[in-house]
Amino acid sequence: MNNTIKAGWYENSITPNKKVMLAGQFYERVSEYVETDITVTAIAVSSSQNHFVICSCDLLYIEDYLVDSVRKKITGRCEGLNPLNIVINATHTHTSIDYQRKENKDGSALNILKKYMPEDFSYIEKAKDDTIMSNNEAEEFLTDKISQAIIEAWNNKKTASFSNAFGRAPIGMCRRVVYEDSTGLMWGDTSRADFESLEGGNDSGIELIYFFDEKRNLTGIVANLACPSQILEHRSFISSDYWGKVKILLREKFGKDIYLLSLCSAAGDQCPRDLIRWVAPVSPIDEPNITRKDNINRIADPSMFEIEGCWKAAKRIANEIIDVYEDAKKSIKDEAVIKHEYINLRLPIRRASQEEYENATYIIDQFVKNKKIKSFDFNDKAKMHVHAGTIARYIYQHKQSDYEIEMHVIKFSDLAIVTNPFELFLDYGNIIKARSMASQTFIIQLACGCGSYLPTKKAEEHGHYSAYISSGITGHEGGKKLVETTLSIIEKLWGSENK
């Protein structure tokens, strides 16, 4: 059977032409200007047996209704494309468009908080302006741009070749700190006398695929690394963070028509900042969890809260991609077997105990009683988010015991591409990569849904943000099932070749 591959690329700008709400923090931010464009990049790959499309977006998250809308819009416009073979993922930049629907916005936690407020209390939206793009408008804008990218990539596929390779760049580091009393803190202060360890490790690996045209000219690069693109996460401008700068540097080297598909691997507990060699923000940030007494002027990276740090990270990634390319182009392949499994997987929800529910109710009651003004805003929402989320989960678990996710496992030649909709903690990704039968395994988190954080058992025991009950729909039991299901499908796809 002829397994010659065809590949098509397309990039679309999703930079808005008006102000937008920015996603990614508890406090409200409105875009003031564009620091770097945000884009959607699609690659469509097919052989005689099967196909896949991966669509990377400079967004914080991918809601399932966004995926559904895109699939509907491409139906009938891409001959031979199965809409369920489309993967849409987010790079997790925190300086991009908030498109969440009003009924889902802030999750059910805000709705719970409103129920506990007296009738004469009102919620004050700080950022309310008719010149700001509405969430409905933002969703429609994004689905149009994403669907167009998929349609163009699919309909312009040409005979192609590829080379998969591996590199290293130290970008992601653990952002959870553990203390002597076995408590943990996201962004914890490591200069404290009771600091014991970082909770997890890091993964400096970059999984790479270089694609070429019929004449062996480079057309684009797929890069997968374990770090969200959130260096500039507190700023009030539009930005694709470090990935946009990687693209600029690669185009300086390879030409302006080169594409870059940016994929974030399992990195729910990772960040671009070194919590040991702490370099504080230069510009003020509105983040109560990032406060430290350590004011020592460290000899280390530039601040990974600033544009200078963003360029530093981008250069490390781009330099490694350029360096690895010299070897990768020596082993180019023209054919590939493609197999694609689409899975609806039900995971157990993480449950709140009666004691946790009663404690959360008490804390919110006391908070309301002590309010001196008859209104509440995003600051109050942030303070009570954890407790309101616990109550919301307690109510939800009496109606629903599990949660369905969409996931994909793709065999492309001798490499595996697997997806999940979570901010998946690194340990899960490490288990999948270590036990995978593939020679190389690409993990794409925040794909085809938004399940929030999926922490490990030790993180749940240590507590704090990203490991609270309200931080994610499922917990370590769901994580184990996700890992085992992913590995079993990889085994099936690889094992079928031996039959």
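Is Asp241 buried or exposed? And in which helix is Asp241 found?

Reply: Asp241 counts as buried, because its relative accessibility is 0% (buried is under 20% relative accessible area, exposed over 50%, and partly exposed in between, with a 1.4 Å probe and protein chains only). You will find Asp241 in helix H4, which covers residues 241–254 (helices, H or I, are DSSP runs of at least four residues, strands, E, of at least two, numbered from the N terminus). The backbone at Asp241 is worth a look too: phi is near 55°, a positive value in a residue other than glycine.

Before going further, please note that this is a predicted model: local features need pLDDT of at least 70 and side-chain atom pairs pLDDT 80 or more, while totals for chains, interfaces and linings use all residues. Residues are numbered from 1 along each chain as its sequence is written, and side-chain values use heavy atoms, without hydrogens or water.

Now follow H4 to its partner. The axes of H4 and helix H5 (residues 307–328) come within 8 Å and cross at roughly 45° (axes are lines fitted to C-alpha atoms, for helices over the stretch in contact, with angles from 0 to 180 degrees between N-to-C directions). H4 and H5 are therefore oblique to each other (under 35 degrees is roughly parallel, over 145 roughly antiparallel, 65 to 115 roughly perpendicular, and the rest oblique). Asp241 belongs to this contact (heavy atoms within 4.5 Å), along with other H4 residues, including Tyr242, Trp243, Val246, Leu249 and Phe254. From H5, the contact residues include Ile307, Trp311, Ala314, Ile317, Ile321 and Tyr325.

Helix H1 (residues 64–74) and H3 have axes that come within 9 Å and cross at roughly 50°, so H1 and H3 are oblique to each other. On the H1 side, Tyr65, Leu66, Ser69, Val70, Lys73 and Ile74 take part. They meet H3 residues, among them Glu139, Leu142, Ile146, Ile150 and Ile151. Several H1 residues are buried: Tyr65, Leu66, Val67, Ser69, Val70, Arg71 and Ile74. Their cover includes E4, H3, strand E16 (338–348) and strand E18 (402–412). After H1 comes Gly76, with a positive phi near 85°.

The other pair is helix H8 (residues 426–435) and helix H10 (residues 476–495), with axes within 10 Å of each other and a crossing of roughly 20°. That makes H8 roughly parallel to H10. H8 brings Tyr428, Ile431, Ile432 and Arg435 to the contact, and among the H10 residues there are His476, Lys480, Val483 and Leu487.

Leaving out residues up to four places away in sequence, Ile54 touches Thr41, Ala42, Ile43, Val87, Asn89, Leu261, Leu263, Ile417 and Ile444.

Cys57 sits in strand E3 (residues 51–57) and counts as buried because its relative accessibility is 0%. Beyond its neighbours within four places in sequence, Cys57 is in contact with Thr39, Val40, Ile62, Ile88, Asn89, Ala90, Thr91 and Ile146. Cys57 and Ser466 are 409 residues apart in sequence and 23 Å apart in space, C-alpha to C-alpha.

Finally, visit two loops. Ser47 is in the loop between strand E2 (39–46) and E3, and at 13% relative accessibility Ser47 counts as buried. With residues up to four places away in sequence not counted, Ser47 touches Asn3, Thr4, Ile5, Ala336 and Ile338. His92 lies in the loop between strand E4 (86–90) and helix H2 (107–116). His92 is buried, at a relative accessible area of 5%. Phi of His92 is near 75°, a positive value in a residue other than glycine, and for Asp241, where you began, phi is near 55°.
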